[in-house]
Amino acid sequence: DEELSFYDMLFREDLSENDIKKLKEVAADLLHKIKDKISELDHWTEKQETKAEVDTLIGTILWEELPESYSDNAIFAYRQKIYEYVFMRYKEVA
């Protein structure tokens with residue numbers, strides 16, 4: 001399950017029940033928005049501008065939606081991890 005992959009990448013052991021619930025919502029929203037964005041872009045992995053659009057989208061969603069218990073440094077690291085996953089997994093999506 002793709003949502004579960006994002007959830008697993010973002011999960012931390014110290015989260016509260018509310019943070020876990022929020023994280024599930026973030027994972028689903030992130031997947032949906034990334035797939036929508038990629039579907040709008042032609043060969044998104046071939047151009048720096050389109051790669052940047054996807055990376056910026058991931059960062060924006062994480063900054064806005066992750067629970068407050070996530071530090072700025074953690075969000076930056078998760079952003080990179082998710083971008084790398086998306087780049088490899090959705091490279092061929094047209």
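Contact here means heavy atoms within 4.5 Å. Keep that cut-off in mind while reading this predicted model.

Start with helix 2, which covers residues 17–40. Its 24 residues should span 34 Å at 1.5 Å a residue. The C-alpha atoms at its ends lie 35 Å apart, which agrees.

Which residues of helix 2 are buried? They are D19, L23, V26, A27, L30, L31, I34 and I38. Buried means under 20% relative accessible area.

Two packed helices are described by the angle between their axes and the distance between the axes. Helix 1 spans residues 2–10. It packs against helix 2 at an angle of about 125°, and the two axes are 8 Å apart. Helix 1 brings E2, E3, F6, Y7 and L10 to the contact. Helix 2 brings I20, L23, K24, V26, A27, A28, L30, L31, I34 and K35. By class, this contact has eleven nonpolar and four charged residues, with no polar ones.

Move on to helix 3, residues 48–65, where Q48 has its place. Is Q48 buried or exposed? Exposed means over 50% relative accessible area. Q48 has 56% relative accessibility, so Q48 counts as exposed. Q48 and I82 are 34 residues apart in sequence. In space, 17 Å separates them, C-alpha to C-alpha.

Technical notes. Residues numbered from 1 in each chain as written. Predicted model: local features only at pLDDT ≥ 70, side-chain atom pairs only at ≥ 80, totals over all residues. Heavy atoms only, no water. Axes fitted to C-alpha atoms, helices over the stretch in contact; angles between N-to-C directions. Helix = DSSP H or I, 4+ residues; strand = E, 2+ residues; numbered from the N terminus. Nonpolar A, V, L, I, M, F, W, Y, C, P; charged D, E, K, R; others polar. Buried < 20%, exposed > 50% of the residue type's maximum accessible area, 1.4 Å probe, protein only. Expected span 1.5 Å × (residues − 1).
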